[in-house]
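Trainee: I would like to learn how to read a sheet, the helices on it and the cores of a protein model. Please take one case and go through it.

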Amino acid sequence: MNPRRSGSSRIQMRKGAASAPAPLDASGQEPAPGDYAAFLRATLPRQPSNVVSHRLGSERVWLKKAGARHGKLRYHLMAAIAGLLRLDVLKPVPNPGGEAAIAIEARRLRELGAAGLRVPVVLAQQPDGLLISDLGESGRATVVLQERLDQAAAAGPAALLTVWREGLDAIAVVHARGKYLSQAFDRNLVQCPDGVIGYIDFEDDPGETLPLAECQTRDWLSYLHSTAMLVRAASPQAAEEHWHAVLASATPEVHDRLTTAARRMRWLRHLPSGRRWGRDTQRVRAVARLLARWHAG
């Protein structure tokens with residue numbers, strides 16, 4: 001697992017530090033390899049950051065500690081935007097933070113893992129902390145899809161769209177099993193050493209407030225939001241073919257919600273394009289333009 005953000009030139013919303021894993025913690029007398037509960041109890045009180053990688057025997061593991069509860073202001077603002085557009089699918093799902101977020105992530109990881117999806121394994125859990133496995137293997141690390149997209153973009157449109165399609169396919173696999181992600185941004189999809197795309201970051205659960213079709217629609221819109229600027233700069237026409245090919249397996253309810261979102265977001269394509277208006281404005285504008293093109297009917 002690598003729950004960090006890319007260190008590329010793109011400006012990102014960050015929950016962790018740099019994209020490279022934190023230094024392995026080899027200090028102190030650690031519990032015996034495989035004694036995950038003891039390791040969690042011993043390490044959690046002395047871990048300064050919310051998410052840190054550690055070495056336990058030959059394993060790399062990740063320890064997540066309960067953080068401060070998140071403020072509600074940004075959720076009110078997003079809710080206002082969703083209300084203006086009359087799009088329930090855009091309503092924010094608050095991340096409760098603290099012990100509630102730890103419980104949600106553990107539950108969601110177990111649910112998705114039971115469905116055969118590639119997610120970190122919950123090794124140990126207590127109310128204020130969670131120990132999970134790394135998605136790498138045999139010393140080989142995962143690669144965040146966001147980083148692969150940035151690298152592919154430098155190689156040209158064909159390379160970019162090949163990697164972008166992998167993200168679409170990975171989301172479709174989740175939906176085919178009747179599940180959904182939490183924040184299906186490119187930074188939360190990781191390529192494992194065997195080539196399979198894994199999924200990370202489940203501190204909130206849209207399914208607690210939204211029906212399945214809206215949760216799955218949110219996945220598509222989240223992925224598009226994080227990648228639309230690259231796609232528009234590459235080949236929107238070729239990307240459209242990938243988009244509709246993958247969405248052919250989506251339910252009619254998801255198709256309807258995407259079409260509605262495209263129609264109601266159409267006016268957002270006229271948002272100013274200058275950098276001084278901020279990255280989020282540029283992203284929303286790019287999403288609106290792509291959806292208007294891809295769902296013109």
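Mentor: We will go from the sheet to the helices on it, then to one residue and the cores. Keep in mind that this is a predicted model.

Trainee: How many bridges pair β1 with β2?

Mentor: Six bridges, in the antiparallel sense, link β1 to strand β2 (residues 59-65). Two residues lie between the strands of this hairpin, where Gly 57 has a positive phi near 65°. On its other pairing, β2 is joined to β4 by five bridges, again antiparallel.

Trainee: Which residues are the bridge partners of Lys 64?

Mentor: Follow the residue across the sheet. Lys 64 of β2 is the bridge partner of Val 51, and in β4 the partner of Lys 64 is Leu 130.

Trainee: Is Ser 53 buried or exposed?

Mentor: Take the relative accessible area and compare it with the cut-off, under 20% for buried. Ser 53 has a value of 0%, so this residue is buried. Ser 53 belongs to strand β1 and stands opposite Trp 62 in β2. The side chain of Ser 53 also makes a polar contact of 3.2 Å with that of Arg 60.

Trainee: Which residues of the largest nonpolar core touch the most other members?

Mentor: In soluble globular proteins, nonpolar side chains tend to be buried together. In this model the largest nonpolar core has 54 residues, and Trp 164, Tyr 199, Trp 220, Leu 224 and Trp 243 touch the most other members. Helix α5 (residues 157-176) supplies the largest share of this core, nine residues. A second, separate core has eight residues, among them Phe 39, Leu 40, Leu 44 and Val 61.

Trainee: What does Trp 243 touch?

Mentor: Leaving out residues up to four places away in sequence, Trp 243 touches Trp 164, Leu 168, Trp 220, Leu 224, Leu 258, Leu 291, Trp 294 and His 295.

Terms used. Residues are numbered from 1 along each chain as its sequence is written. This is a predicted model: local features need pLDDT of at least 70, side-chain atom pairs count only at pLDDT 80 or more; totals for chains, interfaces and linings use all residues. Side-chain values use heavy atoms; hydrogens and water are left out. Two strands pair if DSSP finds at least two bridges between them. Helices (H or I, at least four residues) and strands (E, at least two) are DSSP runs, numbered from the N terminus. Buried means under 20% relative accessible area, exposed over 50%, partly exposed in between (1.4 Å probe, protein chains only). A polar contact is a pair of N or O atoms within 3.5 Å; within protein, one must be able to donate a hydrogen and the other to accept it, and residues adjacent in sequence count only if both atoms are side-chain atoms. A nonpolar core is a set of buried Ala, Val, Leu, Ile, Met, Phe, Trp, Tyr and Cys residues joined through side-chain atoms within 4.5 Å. Contact means heavy atoms within 4.5 Å.
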